[in-house]
Amino acid sequence: MIEQVIFFALAAVAIISAIAVVLSRNLFHAVMILGGFLLTIAGFYFLLNADFVGIMQVFVYVGGVIVVMLFGIMLTPHEANITNAAKLQQKLGTYIAVAALIGLLAMIFIRTTFITSPAEPVKDTVSLAGKLFMTNYVLPFEVISVLLLAALVGAIIVARKEEH
Amino acid sequence: MNYLSIILLLPVLSFLVLVVFGKKWGEKSAYVSIGAMVVSFALSIYALLFVMGGGHTEITFTWASIGSFKLTFGLLLDALSAMMLVVVTIVSLLVQIFSFGYMHGDKRIGWFYACLSMFTASMLLLVYSPNYVQIYMAWEGVGVFSYLLIGFWFEKRSASDAAKKAFMVTRFGDLGFGVGLVLLYIVAGTLDMDKVFAMHLPEATAALIAILFFCGAVGKSAQFPLHVWLPDAMEGPTPVSALIHSATMVAAGVYLVARSYPLFEMGPVSLEVVAIIGTITAFMAATIALTATDIKKVLAYSTISQLGYMMMGLGVGAYAAGVFHLMTHAFFKPLLFLGAGSVIHAVHSQEIFDMGGLGKKMKITSITFLIGGLALAGIPPFAGFWSKDEILAGAFASGHITIFIFGLLTVLLTAFYTFRLIFIVFFGKPRGHHGDHAHESPAVMSMPLIILGFFALTAGLIGSPFAQNAFQGFIAHGHEAEAPNYMVMGASCIIALIGIGFAYMKYMTNVLPSNVISKDNFFYKLLVNKYYMDEFYYYALIVPTHAVARAALAFDQKVVDGAVNGVAWVSMQFGKGLRHIQTGYVQNYALYMVIGLVVLLIWSIKILGLF
Amino acid sequence: MLSSTKLLEFASNYGIPVWALDGAIAIVFAVVLFAICAISVIINVYLLRKISADFQLRYGPMHVGWHGSLQLFADAIKLLTKEDIFPSNADRWIFRLAPVVTFVPAYLGFLVLPIGHGIVIQDLNVGLLYILAIPAIGVAGIIMAGFGSYNKYAIIGSLRSAAQMVSYEVPRALSIIGIVMIAGSAKLSSIVGAQHVWYIILQPIAFVVFLVSTLAEINSTPFDLPETESELVNGYYTEYSGMRFMFFFFAEYVALFAAATLTTVLFLGGWHGPGPEYLGPIWFTIKTFAMIWVIMWIKWTLPRFRIDQVMDLGWKVLLPLALINVLITGLVMMII
Amino acid sequence: MNVPLEWWLILSAVLFGIGLIGVLLRRNAVMILLSVELMLNASNLNLVAFSRYITPNLASGQMFALFVMAVAAAEVAVGLAIILSIYRNVRSVDLDDFNIFRW
């Protein structure tokens, strides 16, 4: 019962903030609302007993991505916030297509019977994640490290002003 | 190396040297060209003496071999070519010497001499030809250098136009010549003259080929109806007119007919055509010359007229007489032209009514011009008389009475317009101020006049009855000279004198009533406008050609381009339609991806029934 | 959630639904926590003034109350009654929200702190990560403050603050890895439980790195560049006054307090001390205030860094040090 | 387990759709990055929900979510760097102005 209440409350916040992000005319507000949205997603993760992912969500997204985005906004001027609206046909097409997509996906989800497991979720997700990172997922882990390194170097090189 | 080839190669060498160094050397290039020509001339004399001693040389070598067809080049030296060699080289030499004075100060004098040299070489090549291919090539070479020389002052619009006109019109005749060559090769299987003449071709075929050849001659020798280019060609420098458009190139047509005479004789109809065309040309050109007021135009028409005479002579069977006239004409006509050049050089005008009374100021010029005029008018003992008389006698003897009568009328007209020119230019009082500072030309110009005057006076004698018609005997092996017809001689002589008398009455005294040649007269207008030949060509050829060209253009633009553009238009419309998809915005593409995803989902649900 | 069995029985006896009980308990805890924070801030500020005065050989506040002990209340009343000023071009919503967003995370950090043995509001499995992650939200609040104020000093201050915090988060988190490796858990109570020997002895490099980066995180001197009076007036909260200013003030001292407590928990043995177990909170409090004193000491002794020096220190010194620490710890653990 | 799996999935679909709308309609490059983040989070939610309901004791979905996060962080860093670099040249972050390769 209380889980459902929390779910719906969070879902309402998440959907409203997502819509607000997408429709916001002010870039800064959009990023702030996105931060709120990401926190609600973190809440969802806690609700799903995935507390390590939830913490990481806060850590990486709110503490990292949002801050980087705010930096990005602050380094570009305010006028850039006001941008042209998309063409009408693009708008119409987008709304119809996305609505159809959501509808179809919902239909598919409802029609599908998922084989859910009644097992208790793991308690200590941190140590489980650590073990999995070093065993089953060691290759993706290493690849992700390389990717992050590459992204780090790439971002620095791309964003750096050319020295004359 | 044979001395004959040296005659030919020296001018070529001179051309090559002058093309490279002509610009640098300037007027000094004249020495190269003249020097080459002196040697050529000397060797030509030697060749003539060799032939007169009974010699005959034919050198051939294979130039290209295409299957069974062997294209040979060669140097043929017989009486006709020997005579032409001498004529060409001497006239060329004298003209080049004259040009040294006349072209003084021209910037492109090196190029001028290069062209003159190469023209002479082309002409010599033509004269040497033992086969028709070589003739045809030389023929075109002559045409090209004629074109270059007429258009030598190409800065003048009229000069470049005249050059183009000359080239186009003669090409028109050459077309017939070319077709004739192909036909001859098909029929005879060879283009070597010896072999062709030795054959017995069917009469009609021979006549057809001969007439086609004659077409080329009509173009080159400015016969009716393709004579229109020659008067315009007077836009070229006067020495060029003297060399090319009186003595050599225009004589090439006559030379061709003379050279191919056996072929013509195989189809006698062709000779009739030659005679008639020649007569028409002679008479018509003489009438036009009556009203011409440009000193060079008068001479140009007289040239056409005399060429007509030669053709007439050849046509009526007086082969030797025609060639004889070719030779004498080649002496007195350059004389007249060079004299005219001298006059023009002195008064800086070509309009005869700007001149007058020049006789006192330019003694040598006027005397030599007078000699030339007498030769042209046919007054004994000058050169023209003997040859022209031979032709008339030949016409009379062959029984072509109409041709004979027109020939006599032409003699009358010739005498009249020649002396009209002489009286207006050299006698009377000066008109205008063009002649105020006129004085005798320098020796380099008057010397050739004197030499040519000498020949104009004496060249006829070698073919006169006094010399037992030695020339005819030399040229025409087997064509025995007619017995001198003193009746014809006397008649032509008298008629010429009458013409001179009329001219004297009209232009020196005022005895003749002025309304005899009134400017409102229908005939006068007809003549002034040259029988409206240019206009006729304009409306008969150029206008339809333009119309066809416009139609073709319209077809090309509307139909051909239309098809191409239509294809392009269709592609463009497709592209324009597809451009709405290809916006360049990633977001649009992403939208298409989403739509595609939706379609896939619907497909998997409805068609595959997956969910 | 956090209901103990006794409470559940009590609730079922009186027909109170579980979620209502949970909510009530949450509210009680929140109020208690806020009270603790407020008290700590009051004490901290007083201490700050007194300690700074001592360092500078002066008295500090003396007139309001005994040795100026009521000075802060006077300040609070002054701030609360002050006019609430909005800059004319400020982004109102952002401007209003910024102090809250800054304060709340600092305050939420206490949720997982074990004060004594078993005395903890919510003993999360990922408590350590939580306590590291939560201040990151505060960065957003600082940037909001800077952006919403429409003031160049505020923006520069907030950018500096954000850059500094994001940079120092990395060595800070890495320095703790060694502790997690030794303790074998990210649960704070387990870490404290495992600390029979203080980790300051086992992890001296980690302690140094952690302390320095914590100082940078809480914008304490020598890392107080976001609010340097001599350069940026007052940094990101230049435009704030009254109540809103107080929030920032609060947040700063709560963060200071939280940093001290966290250091205590991680390196100073937490509630461990001589005597029975119920003395744990007292030991904890003593250690915490000792830690606060150390921070103050540093604060009033060291001169301020330049911003590039700050960045250099973070990325070029502390980060490699933290990594070396992880390496050494791992090697030692492998050998033992 | 009071909340059925379908609700989670529909919620994530809705959030994904909202993010998609942002990606398709917004012309500001930073805005598009934000929308992409929305979509990534929606899919992460999906992964974690599946993990919780299908394999609660394995946590594979959580691992995927963590990897997605790492990739997202890298994406944001590089994306923002590119946007900044473009902004420096075009003085705009509007996609309409990034058209120098378009004719």
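## Helix crossing in chain B

In this predicted model, helix α8 of chain B crosses helix α11 of chain B in a left-handed sense. Helix α8(B) spans residues 203-220 and helix α11(B) spans residues 249-259; the two pack at an angle of about 160°, and their axes lie 7 Å apart. Because angles over 145 degrees count as roughly antiparallel, α8(B) and α11(B) are assigned to that class.

On the side of α8(B), the contact is formed by Phe213(B), Phe214(B), Ala217(B) and Lys220(B). Helix α11(B) contributes Met249(B), Val250(B), Ala252(B), Gly253(B), Leu256(B) and Val257(B). By class, the residues of this contact comprise 8 nonpolar, 1 polar and 1 charged.

## Interface of chains A and D

Contact between these chains involves 86 residues of chain A and 71 residues of chain D. Together they bury about 7,000 Å², of which 78% is on carbon and sulfur atoms. Within the area that chain A buries against chain D, Val22(A), Leu48(A) and Tyr61(A) account for 10%, more than any other three residues. The number of salt bridges between chain A and chain D is 0.

## Interface of chains B and A

Here, 11 residues of chain B are in contact with 12 residues of chain A. The area buried between chain B and chain A is about 1,000 Å², with 81% of it on carbon and sulfur atoms. Across this interface of chain B and chain A, 0 salt bridges are found.

Technical notes: Residues are numbered from 1 along each chain as its sequence is written. Chains are lettered from A and ligands numbered from 1 in the order in which they are written. This is a predicted model: local features need pLDDT of at least 70, side-chain atom pairs count only at pLDDT 80 or more; totals for chains, interfaces and linings use all residues. Side-chain values use heavy atoms; hydrogens and water are left out. Axes are lines fitted to C-alpha atoms, for helices over the stretch in contact, and angles run from 0 to 180 degrees between N-to-C directions. Helices (H or I, at least four residues) and strands (E, at least two) are DSSP runs, numbered from the N terminus. Angles under 35 degrees count as roughly parallel, over 145 as roughly antiparallel, 65 to 115 as roughly perpendicular and the rest as oblique. A crossing is left-handed if the near helix is turned anticlockwise from the far one by less than a right angle, and right-handed if clockwise. Contact means heavy atoms within 4.5 Å. Ala, Val, Leu, Ile, Met, Phe, Trp, Tyr, Cys and Pro count as nonpolar, Asp, Glu, Lys and Arg as charged, and the others, Gly among them, as polar. Buried area is the accessible area (1.4 Å probe) that two parts lose on being put together, summed over both. A salt bridge is a side-chain nitrogen of Lys or Arg within 4 Å of a carboxyl oxygen of Asp or Glu.
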